[in-house]
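Visitor: I have some questions about a structure. Could you take me through it?

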Amino acid sequence: MSKCVLIVEDQEDNRAILRDLLSTSGYELIEATNGEEGVALAESKRPDLILMDVQLPIMDGYEATRRIKGNVELKSIPVIAVTSYALSGDEAKAQAAGCDGYVAKPFSPRQLLAKIREYLPAEV
Amino acid sequence: MPALVTRMQSAALIASAMVRSSGRRLRDFAAQLGSRKRPIASALTWPRPLSNMRSAGSELTGGLFRKYAVFLVALVGGSLLINALIELYYSYGESRQALSAVQREKAVGAATVIEQFVKEIEGQVGWATGFLPAGSGLEQRRLDFLRLLRQAPAITEVSYLDAEGREQLKISRLAMDTVGSGADLSKEPTFIDAKGKKRYLSPVYFRRESEPYLTMAIAGPGRAAGVTVAEINLKFIVDLVSQIQVGKAGMAYVVDERGLLIAHPDIGLVLRKTDLSHTPHVALALNKLRDATVTVPAISRDHAGREVLTAFAPIGSLGWLVFVDLPLREALQPVYDSLRRTIIVLGLGLAFAVLAGIWLARRMVVPIRALARGAARIGSGDLDHRIEMRSGDEVQVLADSFNDMGTRLKDSYATLEQKVDDRTRELSQALDQVRALVGVGQTINSTLELQAVLVAILAQACRLADAEGGAIYTFDEASNEFTLAATHGMSAELIETIRQAHPSLGDNGPVSDSALKRSAIQLSDVAAGPAWVLRDALLQADVRALLAVPLLREERIIGVLIVRRDRPGAFDQSIIDLMQSFASQSALAIQNARLFQEIEDKSRQLEVASQHKSQFLANMSHELRTPLNAILGYTELMQDGLYGELPRKTLEVLERVRANGKHLLGLINDVLDLSKIEAGQLVLSSEHYSMKNVVEMVVLATEALAAAKKLGFKIEVADDMPLGRGDERRITQVLLNLVGNAIKFTDTGQVCIAAHACNGMFSVAVVDTGPGIPDAEQGRLFREFHQVDSSNTKEKGGTGLGLAIAKRIVELHGGRIWVESKLGNGSAFHFELPIRARESAGVA
């Protein structure tokens, strides 16, 4: 049973990259294009890990993370924030919202994969 | 309170200036007025020094009295004394000379008489001694002698000696005549001297112990002639001498050539054969007979030792001397009398002088004392006191002057008091005005609320102008209208009426007029003045007088200040001046408020713009990164062979795409960083870090690059560096930039990173063996978008922002960065950071 990764990302290009990267790496993917949808999918699908973009329409990544972390049942799911600013402060903000880790955008797919593997060791 | 003191002192200064001519006491008073804060009325008592002066004055007049008296006594007494002395001196001399003359005359007279007496007897005796014819015999001679005795009563006895000295005849009145007694008298001096010198006079001798006698012997002519010897009774001389009257106690006396007393009124003295040759004047007179140069003093002592005034005359042929003595006491009696009289006169004169002196001095001093007392009373502040003086002389003139002075002092004093009051009131008003202005100034400074400032100004203006109401209009240049900005003591109705009227520049009201003329305009009687649109409304609101002052700022109309009174009457110039001050304060306040408003607007706009800029940057950053993310991501996936094996050429292209994408990302990041720094939005984090870790991380990130260029990589990091505090990520960024540059610009040789801690600073150096940097370029190196050589840049890449950002970051940490380089000799970039970065340097 492969691990399920929820990608909350509004950019189709980025979703596509992640899809290509993660599916070839043996992860099951579910995708959401905004925070609200992300929270809903997290509740319904219970992914093993969530890659959360910060700048999202309708509900931003911080708010979505807060909601997920505020849900006792979803709390344990690791959330990796994908911040696009790479500025000091974003990291702290992400941490404050409850993110377990963060990756600055633009990310290197290799590094992202390494990060994911910290939380979800690859299926043997 | 200090202000009050100042006011009082100022009043005192003014007061002292006004009374400077009135003398020191008034100045003292004025000074007291300044120094003591007591009511003016009570300050009118004079200061103490005056009483001292009064006591000094009474001493002075006492001295004056004594001086006058002594002077007068000395004058009168002295002149009398001198007069008396002179008179005494002369009267003494004169009376002595007169007496001497009289005495000498008497003496000479007596001497003459005595001489005649002796000569007469001598003649008669001589005649009786004459030759008798032979034969006439003794009888004839006896008859002659008898006749001689008859003729010369002084001859008591006469005898005839023959040539041998035998007594032949002797006829006496007292005894029987003796004829031919033949007594040998040839050995007697009587006979010998007479025969020798023709004439012989014996010393005086006395018969019957009471009558002086003299024996006279005269020899007849020829050798055979006999000698006639006559015994002469000198009672005649004694009588003569006794008859000479010299004063009361004066007397005449005769001494013979030996100094023996011959005749003296006191016969006893003669009988005692008193020898007067020892009394000084007699001795000298006897000497004078022999030596004419001897002088005999007129005053001497007689035998009894009494002082006498003496004169003498010699009896020529006899060698006797007649003395006339007068006791000096008697002789000088007139002088003594004169002296007594003089003393009496002198005493009377002195007494008179004393009385006159006292009287005169009193007459002179008493008015002066009265004057002094009066002056002292005037001086002590009793300015109503008048000195009563009717002496009709200079003193009265002086007294009148004092009275006049008192009157003037009183006048000037009264005016002084009035002036002090006036000035005090003026000063108090001025102080009030200054306080009001200061208050207004403070209001202007303390609040930027224009409305509050204008209301405060207006309230003070109305209070000081004694006006019931007032308003401040602001002028709007665009609409040309005046708007009520603040009102004081105005009914809502009036305010509304004015608002409705829309007063504008050019209507004929005082507001517009004052603004147009740019000077204050007053209507001292609104009812009587010219009509304008608001006049009736104002009259209805009981406005009877008004003053409009324009608010001007560099000749531009800002508004108008207006104060209104409910009674007609002109406004004082001082009020107008004051209102102009208020007007300029108002203008200032309005302008300040406007400027502040402008600044506030501008800064708000700036803030908005800045926010927009930040937002724009954030958005752009995001928007630029998003596509970059896809580019870089896909490139990497392709390079990783996710989409199948690619030919080598394609992989090379992909590498170029990736490198350019990275570069673009760096550019975007740099621009974003720089703009954040410039906007002051770059906030450093403050956390513990290890400089050694920083260096290692940089080495890790760059050693591949160095290895690719076959450059040596040398690390010299001290082991004992303490933990630093600052923004580790940013410090890493700085070092990464320096090392990246060093590798980038060095083609052969090595890059060295050295770090150590010293004096509370981390000192880091990145030294390369690159081309070096020309001196001229070194200063500009840390500026934005600058690279040493633009042709080089193209080759080497880089945004030109890295060093600028590094410099900002180092400086934000409170450190510094610099370069040491020589063209062709490599470069050394240094930076120093406080181990504990300044908290104030933006480190959060």
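Visitor: Which ring does the charged end of Arg565(B) sit over?

Guide: This is a predicted model. A charge counts as over a ring if CZ of Arg is within 6 Å of the ring centre and within 35 degrees of the ring normal. The charged end of Arg565(B) is 4.1 Å from the centre. The ring belongs to Phe571(B).

Visitor: How far is Arg816(B) from the ring centre of Trp818(B)?

Guide: Arg816(B) lies over the face of Trp818(B). The distance to the ring centre is 3.9 Å.

Visitor: Now the aromatic pairs. How many are there over all chains?

Guide: Rings pair if their centres lie within 6.5 Å. Over all chains, that rule gives a count of eight.

Visitor: How many residues apart are Tyr253(B) and Phe323(B) in the chain?

Guide: Tyr253(B) is in strand E8, residues 251–255. Phe323(B) is in strand E12, residues 320–327. The pair links distant parts of chain B, and the separation is 70 residues.

Visitor: What kind of pair do Phe312(B) and Phe323(B) make?

Guide: Their ring centres are 5.6 Å apart. Their planes meet at 35 degrees, so the pair is tilted.

Visitor: Which strands does that pair of Phe312(B) and Phe323(B) tie together?

Guide: The two residues are 11 apart in sequence. Both are buried. Phe312(B) lies in strand E11, residues 307–315, and Phe323(B) lies in strand E12.

Visitor: On to Leu738(B). Is this residue buried or exposed?

Guide: Leu738(B) is found in helix H19, residues 728–745 of chain B. Its relative accessibility is 1%. Buried means under 20%. So Leu738(B) is buried.

Visitor: Which residues are in contact with Leu738(B), leaving aside neighbours within four places in sequence?

Guide: Contact means heavy atoms within 4.5 Å. Leaving out those sequence neighbours, the contacts of Leu738(B) are Val766(B), Leu803(B), Ile817(B), Phe829(B) and Phe831(B).

Visitor: How far apart in space are Leu738(B) and Ile753(B), C-alpha to C-alpha?

Guide: In sequence they are 15 residues apart. In space, C-alpha to C-alpha, the distance is 9.6 Å.

Visitor: Which residues make the nonpolar surface patch of about 480 Å²?

Guide: Take Tyr89(B), in helix H3, residues 49–129 of chain B. Tyr89(B) counts as exposed because its relative accessibility is 60%. The patch is made by Tyr89(B) with Ile82(B), Ile86(B) and Tyr90(B).

Visitor: And charges. How many salt bridges are there over all chains?

Guide: Side chains of opposite charge can pair when their charged atoms come close. The cut-off is a nitrogen within 4 Å of a carboxyl oxygen. Over all chains, the count is 37.

Visitor: Where do Glu73(A) and Arg46(A) lie in chain A?

Guide: Their side chains meet in a salt bridge at 2.4 Å, N to O. They are 27 residues apart. Glu73(A) is in the loop between helix H3 and strand E4, and Arg46(A) is in the loop between helix H2 and strand E3.

Visitor: Is Glu73(A) buried or exposed?

Guide: Arg46(A) is partly exposed, at 41% relative accessibility. For Glu73(A) the value is 52%. Over 50% counts as exposed. So Glu73(A) is exposed.

Visitor: Which helix holds both Arg648(B) and Glu652(B)?

Guide: The two form a salt bridge, with the closest N and O atoms 2.7 Å apart. They are four residues apart, about one turn of the helix. Arg648(B) is exposed at 63% relative accessibility, while Glu652(B) is partly exposed at 37%. The helix is H17, residues 648–678.

Visitor: Last one. What share of the 844 residues in chain B is buried?

Guide: Chain B has 22 helices and 24 strands. Its accessible surface is about 43,800 Å². The buried share of its residues is 43%.

Notes: Residues numbered from 1 in each chain as written. Chains lettered and ligands numbered in written order. Predicted model: local features only at pLDDT ≥ 70, side-chain atom pairs only at ≥ 80, totals over all residues. Heavy atoms only, no water. Patch = residues over 30% accessible without salt bridge, like charges linked within 9 Å, V, L, I, M, F, W, Y side chains within 5 Å. Areas by Shrake-Rupley, 256 points an atom, 1.4 Å probe, with all protein chains shown as cover. Buried < 20%, exposed > 50% of the residue type's maximum accessible area, 1.4 Å probe, protein only. Phe/Tyr/Trp six-rings, centres within 6.5 Å; stacked < 30°, edge-to-face > 60°.
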